Amino acid sequence: MEKIGDLMTTDFVYQMHRFIRQHKMIMDGETVLVAVSGGADSLALLYGLHALRQKLKCHLHVVHLNHCLRPEADTDADFVRQHAEHLNLPCTIEQADVFRLAKQWKLSVETAGRKARYQFYDSVCSETDATKVALGHQKDDIAETVLMNLIRGSGTDGLKGISPVRDRKFIRPLIELTRQQVVTFLNSIDVVPRQDATNTDTYYLRNHIRHELIPRLANNYNPNIRAALSRTADVLGTEAEYFDTIARTAFETCQIQVSQETITLDREKFRQHHLALQRRILRQSVSQMLGATSDLYFPHCNAMLSLIEGETPNAVLPLPNGLQFRRAYQRLIFEQKTAEIGNFSYPITTVGETYIAALNAKITVEFGNVISNRKRTFPDGKFEAIFDYEMLRILAEPFEEALPLTLRNRREGDRFQPYGMQGRKKIKDFFIDAKVPRHERDNIPLLVCGDVILWVVGYTTSEPFKIEPHTQRYLYLNYANSNETAI
C-alpha cells in the first residue's frame, strides 16, 4: 500500500470518474457508504473513490458486514478495518449470523445474506446521514450473471444484468470496468486483496461459469464474449425498464389489498392483461413481499398462472423463501406461510368472557329480558348473536344445569339450519356457497350447544333458535379479537 500517489492520473480512476458523472451517481456534499468485503473489486472501488473524493466533493464511510459463514470471516473484517484506517476513513463493521437468520426468516442462505446486508446498509445510512451506497460489481459480473440466469431459464429480468444505479441509492461505479482492469489497478498501487477460497470452487455455478464456461466460449466462439453479453444486458435492461413501468401500472389496477404481510389481486382484472404483463405482475408481487425475486424461476410463475386459469377455485402453491400463493375464488393472494391452527374446542362460560387462545379472540356472554329491552336492536348474526334462551334450555335438558356451550372449529358431518332457510345444510356446502377460501374454513369458530350448531361466527346464526314474538329471555354473545374493542 505504498505506491498510491496521485491516482487521478490513472486510466482506471479516470473511467470511474467519467462513469459516475455520466450516471449522476454522486452529488456534491453527499456521504457515500463504500461496501468493502476485502476482495479485489471492493478494494479497487474503495481506493478509486478515495482518489476521487475531493473532485466529487463527497464524504466516504467504509462498511463491512461479517456474515459469520467462513472461518476466516473475522480476519476479513480486520483486513477491511486496516485499509479504512490507512486511508483515514470512518469505518463501521458489524456481524450477522446469516445461517441463523436464514432459518429464522425461512430464506435461502444467499437471500438471507443479501437481506441482512441491505438492512445493515440502511441502518448505517440512518446513523451517518449517508445517501448513497457504493457496491463493487464490475463488467465481468454482468456477463456471468447473464449466463447464469440464462442457464437457469430466467426471463428478461434476469438477462438484463446489473444496473449502474438502483433505487437512486445503490451505485456501482465499476460496472464498465473489467476484472483485469481491477487487478491491474491494484497491482499498480501495491494493494493485495483477500482471497476467498470459495471464489475458485467450481461447485458453485457462478464460479463454474467464470472459470470454465466463459473461457471456453471466448476460445471457441467469440473472443469478445464478455462485451457481447454486456451489450445484450444493456439492451434488455433498457427494454425491461420500459416494460416494468407498464407492468407497475397494471399491477396497481389489479390490487385489492397491499401490506407488508399480504398482497391481494383481483383475478378477473389480472386475466385481462397480456401474458407478458401477467408474469411481470407476479414477479413484482414477490419482489414487493421479499425485496427480491432471485429465487423465483419460470416454473414458479408457470405454476401460478396454471392455478389462476385452472378449474379449482381454492388452491395453495408454496413459493421459495417462506412465501405462498393462493387462489381464493376471484382473489389472488401472496402471503407468508403460516402454521396450521389444527382442531380447537373451548367450553364457554355461560355468563362473562372466555379467551380463545387458538384464535387470539374472546367471546362474551350475557342474559337479558326481552320485555325490559324491547328497544334493543337485534344483531346481524355475524360477530354479535342473540338466541331464544328457552329454546336453548330445551336443547340442553339432557345435560347439566348450565348450558353446554362450546366454541370449536368444524368437524366431519357438521350440519345446521342457516337463519332464514327451511332445510339443513352441511357446513362444508355452506362455506362453499359463501365463497369462504378453503384455507380459512378450519379457522372459523362455530358455537355449539351439545352437538347442535347455533352460530357460524362471522356469517350467520341458526334458524330454530332465533328470537320470536313470544320470546321472554334471550342469550346475547359478542365475538371479538382480543386486541379489538367489542362491537
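## Ground rules

Residues are counted from 1 along each chain as its sequence is written, and side-chain values rest on heavy atoms, with hydrogens and water left out. Since this is a predicted model, local features need pLDDT of at least 70 and side-chain atom pairs count only at pLDDT 80 or more, while totals for chains, interfaces and linings use all residues.

## The overall build

The chain has 16 helices and 22 strands. Both are DSSP runs numbered from the N terminus: helices are H or I with at least four residues, strands are E with at least two. The radius of gyration is 31 Å, well over the 23 Å that the globule rule gives for 487 residues, so the chain is more spread out than a compact globule. (That radius is taken over C-alpha atoms, and the rule is 2.2 Å times the number of residues to the power 0.38.) Along its principal axes, the C-alpha trace spans about 100 × 45 × 40 Å.

Of the 487 residues, 46% are buried. Here buried means under 20% relative accessible area, exposed means over 50%, and partly exposed is in between, with a 1.4 Å probe and protein chains only. The accessible surface comes to about 25,400 Å², and 50% of it belongs to carbon and sulfur atoms; areas come from the Shrake-Rupley method with a 1.4 Å probe, and for residues only the protein chains shown count as cover. As for contacts (heavy atoms within 4.5 Å), take those between residues at least 6 apart in sequence: 69% of them join residues at least 24 apart.

Helix 8 runs over residues 179-188, and its buried residues are Arg-179, Val-182, Phe-185 and Leu-186. They sit on the same side of the helix because they cover an arc of only 125° around the axis, the arc being that of the directions from the helix axis to the C-beta atoms.

On the face turned away from the buried side, you'll find the exposed residues Gln-180 and Asn-187. After the helix comes Asp-190, with a positive phi near 55°.

## Salt bridges

The whole structure holds 26 salt bridges, each a side-chain nitrogen of Lys or Arg within 4 Å of a carboxyl oxygen of Asp or Glu. Asp-140 forms a salt bridge with Arg-179, with the closest N and O atoms 3.5 Å apart. That pair links distant parts of the chain, Asp-140 being in helix 6 and Arg-179 in helix 8, 39 residues apart. Glu-144 also meets Arg-179 in a salt bridge, at 3.1 Å from N to O, and this pair again links helix 6 to helix 8, across 35 residues.

Elsewhere, Asp-244 and Arg-280 pair up at 2.7 Å, N to O. They connect helix 10 (residues 225-254) with helix 12 (residues 275-290), 36 residues apart. Asp-244 is partly exposed at 22%, whereas Arg-280 is buried at 9%. There is also one network, in which salt bridges that share partners join Asp-140, Asp-141, Glu-144, Arg-179, Arg-206, Arg-210 and Arg-226.

## Two residues farther along

Pro-347 lies in strand 12 (residues 345-347) and is exposed, at 65% relative accessibility. Not counting residues up to four places away in sequence, Pro-347 touches Thr-354, Leu-405 and Thr-406. From Pro-347 to Gly-29 is 318 residues in sequence and 67 Å in space, C-alpha to C-alpha.

Tyr-459 is in the loop between strand 20 (452-456) and strand 21 (460-461), and is partly exposed at 29%. Leaving aside neighbours within four places in sequence, the contacts of Tyr-459 are Gly-381, Lys-382, Phe-430, Ala-434, Val-436 and Ile-444. Tyr-459 and Lys-139 are 320 residues apart in sequence and 60 Å apart in space, C-alpha to C-alpha.
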